[in-house]
Amino acid sequence: MTAQAAFNTLPDLTRSGAGTVMSSTWSVGTPERQRAAVDAIAEAWRSRPWPSGDLLSYTVYTGNDGDTLLHYSQWTSAAAHAEFARLHRDDRVADIDAAVPGIKRLGLGEYEPYRSITAPPGDTRVPGTVVIVDVEFDGPDPARQRAWIEAVFEALDTDPHPHPGGISGHFHVSTDGTRVLNYAEWESEQAHIEALAAPGDGVGSVTPQWQRVHNFPGVTGGGVNRYTPTLRLTPA
């Protein structure tokens, strides 16, 4: 079984069987090196057998900052990813680094999908931008991770003026209990920029529910970054 590559397509974020998600970011420096790195990733994977049926999909996104690449892979379990890292990762990394020397790997996070909000039936919009919202807490607390996500859902449900450019949001909890990752699909980068520029802190309206989200106890940091879907690899 080999790798099948598709360009400018997105994974199914709600697919069954995806018990573990691995997310990482690379810094490559320039738009030209972003494109070269994506090409190198595609070649390194297509030239080898698909490592395991436990890897459901692997998607690479180009950062709209002209520097970064986001990697998002769906696995049946954390153990399956660990086995891939032990047996199959190094040769692929070696080929990619030979083609694009100097890549900085900024960290790898292990997550579990928790809760999603999706477009209603009949909504045929195609996401043009993926927004990654990373939230960091001051220590491990799985209950607090989930409480923050539930607070976001309450704020969304009660928002009187939600921006129409948002399509979906997929919330993940890190297995170490310290982070939340929201993978949000938007119509376009401009739609997300407009939502951030509206009154309020972030993309939400000025409501008590959103104020609770923004001032949630224990949140120490995070970030918001926009990406364009670029390369999706699946078993052929």
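Buried means under 20% relative accessible area, exposed over 50% and partly exposed in between, with a 1.4 Å probe and protein chains only. This is a predicted model, in which local features need pLDDT of at least 70 and side-chain atom pairs count only at pLDDT 80 or more, while totals for chains, interfaces and linings use all residues. Residues are numbered from 1 along each chain as its sequence is written, and side-chain values use heavy atoms, with hydrogens and water left out.

**Helix α4**
- Helices are DSSP runs of H or I with at least four residues, and strands are runs of E with at least two, numbered from the N terminus.
- The buried residues of α4 are R144, Q145, W148, I149, A151, V152, F153 and A155, and they pack against β5 (104–117), β6, β7, β8, α6 and β9, where contact means heavy atoms within 4.5 Å.

**Nonpolar cores**
- A nonpolar core is a set of buried Ala, Val, Leu, Ile, Met, Phe, Trp, Tyr and Cys residues joined through side-chain atoms within 4.5 Å.
- The largest nonpolar core has 24 residues, and I41, W45 and L69 have the most contacts inside it; α1 gives the most to this core, with seven residues.
- Apart from that core lies another, of 14 residues, among them W148, F171, V173 and V213.
- Not counting residues up to four places away in sequence, W45 touches A3, W50, P51, L55, Y58, F84, R92 and L233.
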